Every structure is written in structure tokens, then in C-alpha cells.
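Read the following with the sequence and the coordinates side by side.

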Amino acid sequence: MEHKGLVTLVNPNQIHPPIAPYALDVLTTALEAAGFDTHVVDLTFHLDDWQRVLGAYFRARRPLLVGVTCRNTDTVYAFEQRPFVDRYKAVIDEVRRLTPAPVVTGGVGFSTMPFALVDYFGVEYGVKGPGEKILCDLAQALHEGRPADRVPGLLVNRGPGHVVRVPPPALTARPAPAPRPRRTLPPPQPYPLPTPRQRPRPESLPLPESLPLLTRAPGDAGRFEGRAWQAETELAYVRRSGVPHKVDNLRYYREGGLGGILTKSGCVYRCAQCVEPDAKGTQFARRGVHAVVDEIESLTAQGVYDLHTTDSEFNLSIAHSKWLLREIVRRRDADATSPLRRLRLWVYCQPAPFDEEFAELLADAGCAGVNVGTDHVRPEMLDGWKVTGKGTRYYDFADTVRLVELSHRHGMLTMVEALFGMPGETLETMRECVDRLMALDATVTGFSLGLRLFPHMDLAISLAEQCDGVRTVPGLQSNTATRPIVLKPLARCSSPVEYERQFMFDESGDFRLVCYFSPDLPEAPGTVGSPRGIWQNSVDFLWNHIPKSEHHRVMLPTLSGSSENDNNYADNPFLTSLNRQGFTGAFWAHWRDREAIMNGADAFRELATEASR
Ligand code: B12
Ligand code: SF4
């Protein structure tokens with residue numbers, strides 16, 4: 001095949017334990033199929049010498065285009081509030097210093113606030129949602145010398161504060177989706193507004209007349225669209241190990257204990273606290289069953305045995321998931337030497353749908369554990385929160401009970417996750433949820449408190465509308481806020497950049513990661529009334545209410561948001577010690593033994609120190 005030029009893909013993610021940048025395997029597969037040489041420059045294992053690695057790479061090469069993947073904007077932990085985008089920006093700045101090639105950014109974290117991040121990073125282009133199609137079109141346009149800013153779906157940087165999107169033809173052909181009813185929040189109780197100290201407004205640049213396709217509607221943020229057209233669904237993504245300038249899947253497995261497998265992209269549901277229907281798309285892009293199982297076969301043959309699904313939820317579109325599991329079982333049964341026999345699958349699920357046949361298929365295919373996002377048990381909490389695209393609730397507590405029972409009956413471990421702090425949460429609702437989930441006796445039960453808000457989740461849209469740019473709403477919080485948090489709805493902003501920015505930065509451009517905690521939780525008025533209040537009583541309640549004898553099987557929030565007790569994966573001391581000792585699989589599967597494992601890690605460290613003396 002004709003080689004059209006080099007595209008370089010950079011991974012700036014340096015969180016540990018390391019997670020393979022699966023996205024870059026997907027993009028490499030699509031770019032190579034389209035005739036582009038593709039290199040991956042992976043900085044995950046170069047915490048201290050990433051500049052040297054970039055320098056050595058770009059001194060020797062002149063790519064046509066550089067893509068940077070931005071998986072996580074921050075830890076998304078309401079207590080920790082640790083941004084990652086500043087590190088990504090440092091990497092991007094260095095790339096720009098080293099090469100004249102244009103830079104495009106993408107990734108699921110990026111897609112939660114893509115206009116603001118194209119602006120903040122100062123890159124030429126961005127892609128919201130799956131990148132395969134748009135990245136190939138962009139590389140092709142650059143290769144042919146055509147204007148890149150006619151590539152459908154591409155975000156184009158037109159100068160400070162001014163990022164526009166080339167409308168995809170599929171969307172210009174149909175009417176905008178009707179807004180769906182949102183969760184009703186308690187009426188706002190305004191705080192007095194301080195004198196606004198606005199960040200200087202960037203000059204707005206006129207759009208050139210030669211680009212008629214570019215969107216001119218300032219509010220067009222491409223919210224909640226179906227993005228299935230952007231994804232590659234038929235090819236088996238090529239997964240490699242130990243090949244220079246490609247993702248090294250085996251190394252990631254050895255150092256992080258997990259691989260990933262995607263069976264479909266997107267989510268058709270609309271849970272009020274979730275970024276995924278917007279960031280990944282509101283339709284399912286289902287992959288060909290044979291392509292997925294070929295890929296699982298390839299990974300297990302390379303020695304990557306523990307695979308975590310990377311779908312938003314594995315059990316949605318359950319007929320497709322069942323076909324896939326049947327194909328794994330068929331191939332395992334047909335060949336006694338199949339590497340699929342060593343597969344251990346770990347899946348994210350919602351409480352429903354989940355039936356007997358599904359549990360049996362999961363177990364037969366090698367599923368080791370099911371992680372279920374139950375979130376709450378009280379119907380009035382779940383109403384308007386855990387809902388379909390039409391706004392109707394899709395499960396109740398009985399579904400979680402059934403899922404745990406079926407999973408255990410079929411020999412699979414379970415992790416049940418609850419989320420506290422949504423509007424309407426009180427001490428009573430929290431207590432009932434803890435008691436009923438503890439009674440379930442899942443392998444592990446995780447309790448989180450507080451929500452990191454992102455611009456296009458339904459809860460954030462609703463809070464911004466309540467603030468309306470003139471008042472704050474109780475419960476809005478950021479550890480670095482210096483004044484009450486007043487959000488502006490998109491319609492009141494001059495651009496999507498301005499709208500999205502306010503969830504990450506304050507008016508002076510300093511980090512201010514906006515979060516939400518129910519003001520009806522048992523906190524002092526001074527805490528609820530302060531934009532920097534810390535919901536300490538609620539954390540204390542959780543620690544005290546659950547008896548110490550049960551602490552081995554729960555994950556509880558801590559005030560620092562990052563410790564061996566949290567389910568915060570980012571640089572978690574328990575997880576890094578797990579991986580040093582060779583444990584694999586979902587980390588929660590080892591949670592009950594964490595004390596012994598941590599002690600083992602201490603002994604291991606002492607031995608290592610002694611040996612080095
Ligand atoms: C599975 C998963 C996990 C597993 C990973 C297991 C494994 N071995 O893969 C575990 C539990 C370990 C995990 C941990 C964390 N996760 Co996680 N995770 C996911 C999940 C469900 C799938 C990620 C994935 O691999 N997707 C499949 C790949 C192929 O898709 P993709 O990355 O989106 O890439 C596509 C596009 O984004 C785009 N694209 C990507 N890069 C680029 C680059 C360019 C140039 C272009 C053009 C396009 C492009 O094209 C790609 C192909 O279509 C996502 C949610 C989701 N549905 O994606 C959350 C998600 C990414 N995780 C999230 C977070 C916050 C974390 C943690 C930081 C949490 C924490 N504090 O512990 C850690 C970080 C771990 C790390 N080292 O990075 C958030 C990020 C949100 C944000 N605003 O940043 C998400 C979105 C969940 C959520 N709803 O909030 N995670
Ligand atoms: S089911 Fe709900 S929580 Fe899960 S990805 Fe879809 S919208 Fe998000």
C-alpha cells in the first residue's frame with residue numbers, strides 16, 4: 001500500500017498503576033489501514049525523562065500530524081480534585097517546540113470539555129468522541145494539501161477563545177434532538193454575588209468567508225450527539241507487545257495487572273451524573289463479534305490474561321454481549337489449546353438487564369468479576385437520575401440484589417458501587433443505602449461521596465441554569481474556590497469555550513475544579529455556605545456507621561481523597577503495592593486482603609533496601 005506519511009501519537013498519561021492507552025491501538029489500526037505510517041510515543045514509563053524521550057524522537061522525524069491522547073482531565077474525585085491537564089499541556093508545549101507539525105487532541109477526558117481544552121492547550125485541532133474516522137480524514141486532508149478545516153466533525157482553533165466545529169453532514173441533515181426532562185433540583189438559595197473580576201475576554205476572530213461549512217452558532221457545542229459514525233467497528237484492533245513505537249500491551253499488563261477490550265462504544269442512557277453519553281455518543285457503535293474475539297485471542301496469546309471491558313457498560317445492548325460471550329465459549333470449547341481458556345474477564349455493568357443466561361455465559365467465557373454501578377437504593381433518589389434517554393428509571397434495588405446473587409452463584413466476584421451527594425441526599429437516605437448494600441454481602445462495596453461536575457452532564461447543565469450567571473447554588477464546591485461559584489448556562493456564554501472553561505478554571509485562569517455535594521447532608525451552615533467547604537461530617541458518618549469489623553470489605557471516601565482506603569486509582573499506594581507483588585486483575589478483587597498485601601509490600605521494600613545496601 002502507498003505510504004502517505006507519518007502520524008505520531010503521543011500518550012502523556014503518567015498515572016500509576018499504568019493503564020495501556022488502548023485508544024492509540026484503535027487509532028493506529030485505523031491510520032495504518034488508511035495507508036499512514038503510525039508511531040506511538042508513550043511517556044507513561046518516563047516520568048522523569050519524558051522531555052529527553054520527546055527530544056530524541058522528534059529530532060529524527062518529521063511527522064505530518066501529531067495526535068495527543070487525553071484520557072483523564074483529572075482524578076474525578078470530589079475530595080482530591082487533582083488536575084492532569086497541566087501535565088498534558090507541558091507535554092504539548094514541548095511537542096510544539098520540537099516539531100512544526102500540527103497537533104490534534106482527543107480522548108474521553110478531553111471530550112468532556114473539548115472546546116475549552118483545544119483553547120487551553122493551544123493546539124490546531126480536536127476531536128470529540130471516537131477519533132478513528134475524523135483522524136484519518138484529517139491526515140488525508142493534510143497529505144493532499146486540502147484545507148483541514150473542512151473535515152466533518154473536526155474542532156478547529158481560530159485563535160484565543162475561539163474554537164469552532166465543522167458540522168458533520170449526518171447532523172446537518174436532521175433536526176436537533178428534543179431536550180429531555182431533567183432531574184428536578186431543589187430551588188436555588190442565592191448567596192450574595194461578589195463584584196465580578198472577569199478574565200480578560202479573548203478577541204474574537206471573524207470566520208473566513210472561504211469556510212462556509214464551519215459552524216457559526218456560538219452555542220453549538222455538539223452536545224449529546226450519536227457518534228457511532230466516527231468509530232471503526234469492523235476491524236480487529238491490532239494489539240502488540242514489545243514492538244518499537246507501538247503500545248506495549250504486555251508491559252502494561254505486567255506493571256498494571258489489566259488489559260482492556262472494547263465491544264461497543266457509546267451509551268444510550270442519560271444518567272444525570274455521567275459524562276459518557278455526551279463524550280462517547282448517545283448511540284451504540286457495536287463492534288463485529290468476530291473482530292472482538294480475534295482481538296481477545298491475540299491479547300491472551302501474548303500473555304495478557306486479565307481483560308477489563310472498556311465499554312461504558314457491558315450489559316447494555318445485552319443481545320450483542322451475549323453473542324460475543326457465546327463466540328468466546330465456542331472457540332474455547334472447540335480448541336483445548338486456545339489461549340482464550342486463560343482469559344479472566346472483568347466487566348462494568350448496570351444493575352439491569354442481567355439475567356440467568358447472561359450470568360451463565362459470563363462465567364463460561366471466563367468472567368472473574370462484575371463491577372456494578374448501583375449508585376443508590378432509594379427510588380426517589382434514583383428517579384430522574386439513573387434514567388434512559390427518555391428520562392425513565394431503568395432499575396431498582398431488586399435488580400442489584402439479583403445481579404449479586406446470580407454472579408456469586410456462578411462463581412464470580414462482585415463490586416457494588418454507591419454514590420452519595422446527589423441533590424436530595426440526606427443523612428437518612430445515605431444511612432439506608434449503606435445498610436441495605438452492606439446486607440448484600442458483595443465481595444466489595446464502594447461508597448463515594450460528592451461529584452466532580454463536567455460541563456455537559458445533565459446535573460451540571462441544570463446547576464448552571466439555576467445559577468444563570470447571577471447567583472450561586474448551595475452545594476457547589478471547589479477546594480480552590482476563592483469566591484462563591486456562579487455558573488453560566490451555555491446560552492448565556494459567548495462560546496462553548498467560555499461555558500466549558502468555568503468547570504475547570506476560575507476567572508483568573510487558576511484551576512478551580514467544580515464539584516457538588518448535597519447541601520442537605522449533615523454539615524454545618526458554615527460548610528455548606530462556603531465555596532470551599534469540606535463535607536467532613538458526612539465522611540465521618542460513613543467511617544463511624546460501618547463497624548470496624550466490616551472495613552475490610554468496603555471502600556470509603558477520605559478527606560484527602562487519595563489513600564489506600566479510597567477507590568481512587570491514581571497513584572494509589574495499595575494498588576502500586578499490588579502490582580509490585582505481581583497481583584493481576586481488577587484491584588478490588590484483592591481488597592479484602594489489602595492489609596496483608598500492604599504488609600507484604602513493606603516487607604518487600606525492606607528486603608529491597610537491604611539488598612541495595
Ligand atoms: C475501563 C475504564 C477504566 C479501567 C481501565 C481498565 C483497562 N485496563 O483499560 C480502570 C478502572 C482501571 C480505570 C481507571 C481510571 N479511570 Co477510567 N474509565 C474506563 C472506561 C470505562 C473505558 C476507557 C477505555 O479504555 N475506553 C476505550 C478506548 C478505546 O476509548 P477512548 O479512550 O475513549 O478512545 C477513543 C476516543 O476517546 C478517541 N481518542 C482517544 N485518544 C485520542 C487521541 C486523538 C489524537 C484523537 C483524535 C482521538 C482520540 O478515539 C478513541 C478510539 O475511538 C472510561 C469510560 C469510557 N466509556 O470510555 C473510564 C474513564 C476514562 N475513566 C475515568 C477516570 C477518571 C479514571 C481514573 C482517573 C479514576 C481514578 N481516579 O482512579 C483512573 C485512571 C487510570 C489511569 N491510569 O489512567 C473517567 C475520565 C473522565 C475525565 N473527565 O477525565 C472516565 C471517562 C469514566 C467517567 N465516566 O468518569 N478506568
Ligand atoms: S448507564 Fe448511565 S452511568 Fe452508565 S455510562 Fe450510561 S449514562 Fe453513564
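With 4 residues, α1 gives the most to the shell around ligand 1. The model is predicted: local features need pLDDT of at least 70, side-chain atom pairs count only at pLDDT 80 or more, and totals for chains, interfaces and linings use all residues. Residues are numbered from 1 along each chain as its sequence is written, while chains are lettered from A and ligands numbered from 1 in the order in which they are written.

Ligand 1 is surrounded by 47 residues, of which G67, G106, G109, G131 and Y569 are the closest. Two or more residues of this shell come from each of α1 (22-33), β3 (65-69), β4 (103-106), α5 (132-144), β8 (259-261) and α8 (276-280). A residue belongs to a shell if its C-beta atom, placed from the backbone, lies within 6 Å of the molecule. By class, the shell around ligand 1 holds 24 nonpolar, 19 polar and 4 charged residues. Nonpolar means Ala, Val, Leu, Ile, Met, Phe, Trp, Tyr, Cys and Pro; charged means Asp, Glu, Lys and Arg; the others, Gly among them, are polar.

Among the residues around ligand 2 are C267, C271, C274, R270 and E276. Its shell divides into 5 nonpolar, 3 polar and 3 charged residues.

L340 sits in the loop between α10 (318-334) and β12 (344-349). L340 is buried because 23 other C-beta atoms lie within 10 Å; the cut-offs are 20 or more for buried, 12 or fewer for exposed, and partly exposed in between, with C-beta atoms placed from the backbone. Leaving out residues up to four places away in sequence, L340 touches I296, E297, T300, I328, R331 and R332, where contact means C-beta atoms, placed from the backbone, within 7 Å. L340 and I296 are 44 residues apart along the chain, and their C-alpha atoms are separated by 7.3 Å.

Notes: Contact = placed C-beta atoms within 7 Å.
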